[in-house]
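Subject: Structure for you to look at

Hello,

Here is the structure I said I would pass on. Please open it first, then read the notes below it.

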Amino acid sequence: MKLRITRSAAIKFLKRSGIFLLSLFLLFFLLNLIFPLPDKIEYSTVITDNKGDIINAYLTRDQQWRMKTELNEISPLLRKTIIAKEDKYFYSHPGVNPLAVIRAFFKNIFRMKRTSGASTITMQVARALEPGRRTIWVKIREMFRAFQLEWKYSKKEILQMYLNLVPYGGNIEGVKAASLLYFNKNPDHLSLAEITALSIIPNRPSSLVIGKNNDLIVQERNRWLKKFAKDNVFSEKEIEDAINEPLTATRESVPHYIPHLAYKLKRERQNDIIKTNIDLNTQLKTEKLVEDYVRNLKLRNIKNAAVIIIDNHTRNIITYVGSSSFRDTTDAGQVNGANAVREPGSTLKPLLYALCFDEGLLTPKKVITDVPVNYEGYAPENYDQKFNGNVTIEFALEHSLNIPAVKGLKSLGIKRFIQKLTDCNFRQVQKDRNKLGLSLILGGCGATLEELTGLFSSFANNGIYISPSFTQDDSGGVSKNIVSPAAAYMVTDILSRVNRPDFPLNWQATEHMPKIAWKTGTSYGRRDAWSIGYNKNFTVGIWTGNFSGVGVADLSGANIATPLLFKIFNTIDYNSDKEWFSQPGDCDIRKVCSETGLLPSDHCSNLVTDYFIPLVSSNKVCNNWQEISVSADEKISFCNSCLPKTGYKKKWYKIIDPDMESWYRENKISYLSIPPHNPDCEKIFKGAAPLIISPVNGSEYLISKKNPEPLQLTCKTANDVSKVYWYIDNKFYKVSYAGEKLFFMPVEGPVKISCTDDKGRNRNITIYLRYVNL
């Protein structure tokens, strides 16, 4: 009897089958919405060096070593071995293997106990994501989750999840954590024997412990290798080599290099794998140098140091040392000194002078006065509390003089300088930008070693700033032209000179002197000592001091930080003098007057060469000499209005600024001054009026009622002034010689003070007086 299937019956069967399958799909889709897949996996944060090797890692919140294995770390050998052992039909089934389920069901029924499992790799992933007791309902849930996994992920991704979640005993999960802790290598470097040994542990994690049950593990491993040979998974030669490979592995600890940077990046990045640019060899050498160096400094109560090294070709941070010893709890070794906000001392001066070069305000040989100044009550002093009179800009930078730097900042503008620092990612400066004043250039702000080292790397790259890269994922940001190549070269030329006062006194002549440009800095109270140097290849930043903020009399950038800078350069780039910076095209050389740094006039006899920026640097001609008509005995000078017909002669006099003339007088330095003007002349002259430096214009003074003290009257005048006349509230007070100090007792309230020189030039200021009970 033949069974005939009519066309209508076949169509009806297909329709019912289609409806059934559609219903199953809709049911799955609905359940997928109601019961979403719990596929959020927390991985251990892993830190790698520039070669991809793990150099630090952190436990998950559930205290597991669960390191993410990336797809490119799953080698063909690893994939082939795991699939052959765990699920040979992995690429064929939809998450559940029906034949395996049926086979396991009948075996378990007939033997009245669980003798065979049917879990695919996908189902094992589902079990790891949502653990539970092994019941029929849990198994059904695993199957549903397996379908969800296959719906959402590719086979490669599911295998990756399996290798990340499979348990290997204790608190180790995932093949990456196991290969690191047991074999000290990445998963893609495991051999067939090692992979097979690891693959059998998840089935018996308590009885098969690497380092404790190695002989038993080798027996089980070889049994599976022989099974692979029987199934022709691998060649006989591969199996033979794997069987003969010994197993000597034990559980090791996770490496904990670069602890400060690792912790910083873990907090900031929130990534499973953070790929740094650290060169581990250079890192370890530098750490050893820092630890040994600080060990000797502790005898002088200087207990810590931090170092950052930047590769100038890539802008990558290749070394990051946050303290002399992370494990030193007595001196706060866990504090990250490289990221701590400290006072930068004089380290910002190179940027200031470079900006002034670009604005045409200064050139290296330009002469500026290093004498006492007072800017509305702010009276800076030099490090040695001495003044040097006329100095060149290159001398001021070499000797790190404060007065010229403050004058330079005053000329450039505080806002412009702050904006440049902001462009270089100085976060604390950006935060405090409305509070900062002229003291900014002397260290009156906050900066980190990270920021300063990044800034100096721009001088090594033609003035172009790119944020240093901590990780391989950092884009580096947009290039910013902080200064011109010419300005960067001029600063580098000055900072690379060895004959300077901040050369370390304790650097032995027998030691190799690296060819570098460097700048030192010492903060107020000697709490921080800096030395930052660079050459074509590297920029190295050094900070030394105490994390407690305690100042030390011996602490200075020159004698404490710079020797360590030299040692590091000798270690990482010993032959640095073979290549150096070349003069850029936008930088030229010209002759200037040595007394002013300006283009020479006919009366300039001493000329020197100076760098300048064409079409930018000033073309002002030197005018520091003036021909004056004087009496025959040179005691009186004349102007054209009072010049007699006879009885006079002409003589050349050097024009001296009022502040320099005042400094000459105070230090009893002889100089040729212009004779007093003809007292019978009635002409009122134009030009610089007397500059009243005490009291300070606009200031409020508090005077004790019980013990009132007078206020001092002091002014600076031009070289041709002999006497000045003082007026208080428009009433004549006294006459004095230029530079002479007077005193007066003011009345309460606003007080107008006027000073007129013997040429009729006048200046007025107003101060405010208040008498208080002190």
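This is a predicted model. Isoleucine 674 has a relative accessible area of 8%, and buried means under 20%, so isoleucine 674 counts as buried. The residue lies in the loop between α21 (658–666) and β20 (691–694). Leaving out residues up to four places away in sequence, isoleucine 674 touches Ile628, Ser637, Tyr653, Ile655, Asn719 and Asp720.

Strand β17 (residues 625–631) and β18 run antiparallel and are joined by two bridges. They belong to an open sheet of three strands, with antiparallel pairing and the order β18-β17-β19. β18 (637–638) and β19 (648–654) are the edge strands; each has a single partner, so one side of each has no neighbour in the sheet.

Next, the nonpolar cores. The largest has 75 residues, and those touching the most other members are Leu348, Leu351, Phe417, Phe426, Phe459, Val483 and Tyr534. Helix α19 (residues 485–495) gives the most to this core, namely eight residues. What does tyrosine 534 touch, not counting residues up to four places away in sequence? Its contacts include Phe456, Phe459, Val491, Leu495, Trp580 and Phe581. There is also a second, separate core of 56 residues, with Ala57, Met67, Ile82 and Leu181 among them.

Regards

How values were computed. Residues numbered from 1 in each chain as written. Predicted model: local features only at pLDDT ≥ 70, side-chain atom pairs only at ≥ 80, totals over all residues. Heavy atoms only, no water. Core = buried A, V, L, I, M, F, W, Y, C linked by side-chain atoms within 4.5 Å. Buried < 20%, exposed > 50% of the residue type's maximum accessible area, 1.4 Å probe, protein only. Helix = DSSP H or I, 4+ residues; strand = E, 2+ residues; numbered from the N terminus. Contact = heavy atoms within 4.5 Å. Pairing = 2+ DSSP bridges.
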